[in-house]
Amino acid sequence: MSLPDANLPYSFTDATHEVTITDPRTPSPWINYLSNGTLHAFVSQAGGGLLWWKSAYSMRLTRYRHVVSPMDGPGFYLWIKDIDGQVWSPSWRPAMTELEDFSCTHRPGSTTFRATKGNLTAILHLWIADDNAMVWELDLEGQDSEVDVFAMVEISQMDWSSEANWGYYCRHMHQVKNNPEVGGPVYFSHHGHHFRLKEIPLMALTTDGQFDSFDGSRDEFYGPYGSENLPAALTQGRCSNSELTSGEPCLAGHRRITLKGGTGHAKFFLHLEPNTLADFPGTLQAAVDRAARLRDPHWLASQKVKSEEWWRSRIEAFRTDYPDVDIARMANTWGSLQCIQTGRYSRAVSASAPGVRGVGFRDTAQDMVSVATMDPGWARETLLLLLRHQYQDGHALHYLYPNDPLPPVTSVHCDNHLWLPFAAYAITAESGDPTWLSQKVPYYDGEGEGVTVLEHLRQALRFTDGNLGSHGLPLIYRSDWNDIIGKFSQEGRGESVMAAMQYVVAAGKVQELCGFVGESSDEIEAGIAKMRQAIEQHCWDGEWWIRAFDDDGHPIGSAKNEFGKIWLNSQTWSVLAEVGTREQQIQAMDSVHRLLGTEVGLRKLAPGFATYPHVTDAFSGYGPGCGENGAVFCHAHAWAVMAEAQLGRPDQAWKLYRQLVPHLALQKVGLKRYSSEPYAFVSNIVGPESIHFGWANVSQITGAATWMHVALTQDLLGVKARLGGLQFSPVLEAGVTGYSVERVFRGEKHRFTV
Ligand code: NOJ
């Protein structure tokens with residue numbers, strides 16, 4: 001059961017996959033993502049948020065304060081001026097007027113605010129229609145006869161970093177005009193410095209009635225030194241009908257709504273037409289047509305059904321009636337929902353990440369392991385994209401920008417390519433169809449049609465086979481999974497124990513795939529045996545496995561060291577790779593609990609490096625207990641859940657899973673200190689060596705999403721997709737006598753019962 005805590009400002013409604021936040025003053029923005037696959041937004045519990053089209057790097061349509069205070073704005077702003085002249089917002093911000101009643105409900109694909117002030121209740125529902133529009137549906141209930149409603153978004157210059165540098169010139173390239181045919185203010189840009197000039201979309205704010213006034217100039221809307229709480233337009237009671245040929249654009253529209261029979265309604269549509277400058281008249285006409293479609297209630301209703309069905313079908317691919325509500329909730333809603341978000345956004349965009357990071361090769365390859373269970377077609381397309389970014393020698397590049405003509409990040413890492421087999425296996429197992437493994441895909445630096453998917457995977461293993469150090473372990477290069485491990489290999493001779501273990505698991509998956517299509521895997525078997533032997537011969541430290549060798553062959557992660565004596569990943573991966581004896585694996589995991597355990601999860605290493613090797617050459621820049629240097633690292637913690645499940649230690653495994661359930665961790669740490677959403681995993685929780693112990697940060701976009709979901713649904717609840725079909729091997733915890741799982745697999749729903 002959930003711990004009872006009446007003081008927490010949120011509650012869950014599991015049947016409808018919802019969380020409802022009842023106090024908008026959360027310690028950090030608690031967001032939800034809305035999307036149709038190309039038009040995306042995140043929105044916070046207080047109405048802050050960002051809208052972007054395809055790429056949050058180059059097509060950031062609205063603005064969001066990622067680095068400056070006050071936090072969490074601008075966003076999808078709506079002010080109400082009621083009959084008494086009171087100004088308030090259903091999302092509390094931006095007006096920040098005290099409300100009699102407030103709630104924000106996030107659910108897959110939509111967010112609803114409900115607030116009451118005096119005699120009036122407002123319900124604002126936000127979602128994104130397939131028809132390239134963000135839809136704001138406002139319902140009013142109350143005694144007022146008329147209210148004024150103002151909807152507004154600030155428009156950005158699309159490329160955030162360029163805007164920071166050059167915005168003061170480029171603002172003369174933006175225009176907003178009122179367009180009666182479209183039905184509201186229309187923004188377009190001749191942003192000559194933008195590297196995707198021709199694709200910059202035209203944006204319009206329209207409504208299902210008529211605007212009484214509008215603004216295209218943000219500064220006219222707010223007034224000089226005006227505030228978001230009470231913009232000039234609200235003081236005046238109407239917008240200034242400002243158009244803009246240079247300056248800071250916004251799209252603002254005001255309507256006076258008459259309530260009939262105690263209710264009033266308005267819809268606002270923030271919609272876009274791509275490629276404005278390629279065909280301006282055509283684009284304008286498309287905006288006119290789209291606005292007309294969106295105003296048609298039947299069309300809009302069908303769009304809503306489509307959107308809801310998209311989210312529902314993915315989220316409900318897995319369902320359990322597990323008797324512990326916190327577990328069932330994560331499995332049935334929030335775990336899979338977050339996997340969709342990381343599948344879409346990799347590690348790039350959230351209330352704390354500004355969107356410039358593109359697609360991380362290793363990150364997205366791992367994300368596809370969970371996406372495959374909900375939407376194997378999507379996972380397959382993404383993996384094919386990644387394979388097109390693998391080099392002929394087998395290694396892969398590090399970051400790519402599939403939605404932008406930007407150069408990828410090409411640094412060499414010893415692990416990127418080794419994640420491919422994990423995703424390929426999950427995708428093949430999900431569909432049961434081996435034919436795609438013979439599909440040809442070009443190499444990044446190759447010519448012609450390339451080689452088969454399976455050959456790409458074999459080549460990934462060969463890269464590692466051919467790039468071993470003096471102990472026979474993979475050379476680290478820039479890093480392994482751990483971004484900063486390259487610190488120990490600046491001269492290129494450092495070796496990674498984790499990558500060696502990862503290789504063993506990855507190679508095992510390729511071997512199985514070879515068997516599935518009847519190809520020989522002798523070469524792979526030899527590689528596995530060699531790697532296993534190197535690990536077993538060189539990497540046991542006495543009570544745990546070391547983590548790496550540095551350039552000079554010194555062990556990293558050894559009891560002999562002053563800092564970073566023990567690292568989590570080489571212990572967990574020794575179990576996942578089944579290297580060493582079972583006694584060693586158990587001893588390694590026992591050392592993990594003893595030396596890395598905290599009440600809210602496992603630290604990535606301990607003790608945190610104060611200095612390495614001199615004060616002037618800090619290990620990572622992270623203070624002890626922070627980030628990569630000894631925080632509770634949730635992504636790595638997930639592998640410990642899996643390791644304990646695979647070792648057959650259910651109590652340990654379930655305890656570890658529960659430690660990171662966001663709602664439970666928040667309760668343990670306390671709302672203010674924990675800070676992040678109670679419904680999404682974070683990248684890391686600051687460890688006990690820091691004064692900020694318990695602060696959960698980098699929420700939403702983390703590899704913890706996929707691996708915690710895999711750990712729960714596959715390793716604990718026990719439903720695993722295998723090449724031969726579904727396997728059910730539950731790991732039962734004490735006190736649980738039975739449960740069942742429904743899993744959609746290869747087009748059919750299967751039911752398992754304990
Ligand atoms: C976050 C990075 O996005 C990811 O690629 C990396 O594996 C982890 N940090 C651990 O260093």
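This is a predicted model: local features need pLDDT of at least 70, side-chain atom pairs count only at pLDDT 80 or more; totals for chains, interfaces and linings use all residues.
**Ground rules.** Local features need pLDDT of at least 70 and side-chain atom pairs count only at pLDDT 80 or more, while totals for chains, interfaces and linings use all residues. Numbering starts from 1 along each chain as its sequence is written, and side-chain values use heavy atoms, with hydrogens and water left out.

**The sheet.** I started with the open sheet of 10 strands, in the order β1-β2-β9-β10-β11-β12-β19-β16-β15-β14, with antiparallel pairing. Strands are DSSP runs of E with at least two residues, helices are runs of H or I with at least four, and both are numbered from the N terminus. Two strands pair if DSSP finds at least two bridges between them. β1 (10-13) and β14 (174-179) each have a single partner strand, so one side of each lacks a neighbour in the sheet. On average, neighbouring strands here are turned by 15° against each other, direction ignored.

Inside the sheet I checked β9 (residues 101-107) against β10 (residues 110-117): they pair antiparallel over seven bridges. Arginine 107 has serine 110 in β10 as its bridge partner.

**A helix on the sheet.** Helix α4 (residues 280-295) lies across β12, β14, β15, β16 and β19, running at about 155° to β19. Axes are lines fitted to C-alpha atoms, for helices over the stretch in contact, with angles from 0 to 180 degrees between N-to-C directions. Contact means heavy atoms within 4.5 Å.

**The β4/β5 hairpin.** Next I looked at β4 (residues 39-44) and β5 (residues 49-53), which pair antiparallel over five bridges. Valine 43 is bridged to glycine 49 of β5. Four residues sit between the strands, and glycine 47 takes a positive phi near 85°.

**Helix pair α15/α16.** The axes of α15 (residues 634-647) and α16 (residues 650-660) come within 7 Å and cross at roughly 160°. The two are therefore roughly antiparallel (over 145 degrees). The contact includes His637 and Val641 of α15, and Leu656 and Tyr657 of α16. I noted eight nonpolar residues, three polar and one charged in this contact. Nonpolar covers Ala, Val, Leu, Ile, Met, Phe, Trp, Tyr, Cys and Pro; charged covers Asp, Glu, Lys and Arg; the others, Gly among them, are polar.

Conventions. Angles under 35 degrees count as roughly parallel, over 145 as roughly antiparallel, 65 to 115 as roughly perpendicular and the rest as oblique. Buried means under 20% relative accessible area, exposed over 50%, partly exposed in between (1.4 Å probe, protein chains only).
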